[in-house]
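User: I have a model open and want to learn how to read it. Can you take me through it feature by feature?

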Amino acid sequence: MTRAFGIKDLLIGAVLLLGAFQCVTSIYGRAARSTDWRAYASGEAPMRQEQGAALSQRGRDAPGPMGIDEFASFIISLASLSGLVIAAALYSLRCRYSPWWLLPSLALVIILLSTVLSPGDSYVFDLPHALVFGLASVCLMEDWRLAMLLLFAADTLLSETSLNLVVLYVAALAALDSKRGRVVGGATAAGMTLYWVAVRLAAQRRFLPGRSGGDQALRLNLHLLLVPQLWPQLLGVGAYIAAFVWLERKRLPPRQRVFLWSALLCVPVTLYFGIWAEARTWLEWTLPLAALASSEWTSYSSSPTLPSGAPSIGPTVAD
């Protein structure tokens, strides 16, 4: 039977939302620079890859008062992270992961470490992208295709690495669908790719005329490889957690296992567009990684082969 949602659970949820608020406050409390929305609208603001050159400069001005643009960025980031925590909790309850708060807690820890410990400034599009990409990934795991397509359309406006959703979708088709389903899905994937290319070209004409953001990021990445103190961050927080998720992949149900395998095909896309030395390079994988880890722990804690004396921190799936 499903356990009743009591006062203790509401208290845990409130603490998680307070943690989200503290995380966003820490991000914007340390930054002297705010997003200039007018410059972005006119195509005059530097792109992420150009701003990333500041990673090699450790000096930073003291934070000043929060302007209207930075306040707007703060509100957007707070809404995005709160939405991610709530979505993680709801998905955990739906899947009956045990304990339910493990998934949103893991997501919050990944976000906190990936943003606050990053050597560069935070960008207002990071958390919205993490939310939308994460929701789309969950929809892929659940085979909610229409919702995934809508989220993909929105995420393409936020980040180039939304292309990973096409890779994940095609891999899921190849592994799980019937022959007829693969034909229809293949046509859908082709449409997704054309949409991504159209949005990417439009953004490049406006913000990067005559240049390729991926090429610029690659040059910066090669330069940052010469800075030894940044080497531990090349994998990012998400990649370290992914290693532990991979070791217990046999505990995942088939659709989640296919998702994990196909995520390997997305690594080149992330490495091409991302800045390797930034801890938030893998930030978009926060929600799916936390979900896979929670699924594995639930399977482990409910396993009849659980070693004697091993801790049990919540009811099993069978409860």
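Analyst: Start with helix axes. An axis is a line fitted to C-alpha atoms, for helices over the stretch in contact, and angles run from 0 to 180 degrees between N-to-C directions. Keep in mind that this is a predicted model.

User: How roughly do the axes of α6 and α7 cross, and within what distance do they come?

Analyst: Two packed helices are described by the angle between their axes and the distance between the axes. Here, the axes of α6 and helix α7 (residues 145-156) come within 9 Å. They cross at roughly 155°. Angles over 145 degrees count as roughly antiparallel, so α6 and α7 are roughly antiparallel to each other. The crossing of α6 past α7 is left-handed.

User: Which residues make the contact?

Analyst: From α6, they are H129, V132, F133, L135, A136, C139 and L140. From α7, they are A147, M148, L151, A154 and D155. An α-helix has 3.6 residues a turn, so residues three or four places apart point the same way.

User: What lies in the loop between α6 and α7?

Analyst: D143 is in that loop. Its phi is positive, about 65°, although D143 is not a glycine. D143 counts as partly exposed because its relative accessibility is 34%.

User: Now the core. Which residues touch the most other members?

Analyst: In soluble globular proteins, nonpolar side chains tend to be buried together. In this model the largest nonpolar core has 60 residues. L81, L103, M148, L168 and W285 touch the most other members. Helix α6 (residues 126-142) gives the most to this core, with 10 residues. Another core, of 6 residues, lies apart from it; L224, V227, L230 and I275 are among them.

User: What is L103 in contact with?

Analyst: Leave aside neighbours within four places in sequence. L103 then contacts A88, Y91, S92, Y97, L287, A290, A291 and S294.

User: How many residues does α4 have, and how far does it reach?

Analyst: Compare the reach with the expected span. Helix α4 (residues 68-95) has 28 residues. From first C-alpha to last it reaches 40 Å, close to the 40 Å expected at 1.5 Å a residue.

User: What comes just after α4?

Analyst: R96, with a positive phi of about 60°. R96 is a residue other than glycine, in the loop between α4 and α5. Its 32% relative accessibility is why R96 counts as partly exposed.

User: Is the peptide bond from S98 to P99 cis or trans?

Analyst: Read omega. For S98 to P99, omega is near -5°, and the bond is cis. P99 is in the loop between α4 and α5 (102-116).

Technical notes: Residues are numbered from 1 along each chain as its sequence is written. This is a predicted model: local features need pLDDT of at least 70, side-chain atom pairs count only at pLDDT 80 or more; totals for chains, interfaces and linings use all residues. Side-chain values use heavy atoms; hydrogens and water are left out. A nonpolar core is a set of buried Ala, Val, Leu, Ile, Met, Phe, Trp, Tyr and Cys residues joined through side-chain atoms within 4.5 Å. Buried means under 20% relative accessible area, exposed over 50%, partly exposed in between (1.4 Å probe, protein chains only). Helices (H or I, at least four residues) and strands (E, at least two) are DSSP runs, numbered from the N terminus. Contact means heavy atoms within 4.5 Å. The expected span of a helix is 1.5 Å times one less than its number of residues. Angles under 35 degrees count as roughly parallel, over 145 as roughly antiparallel, 65 to 115 as roughly perpendicular and the rest as oblique. A crossing is left-handed if the near helix is turned anticlockwise from the far one by less than a right angle, and right-handed if clockwise.
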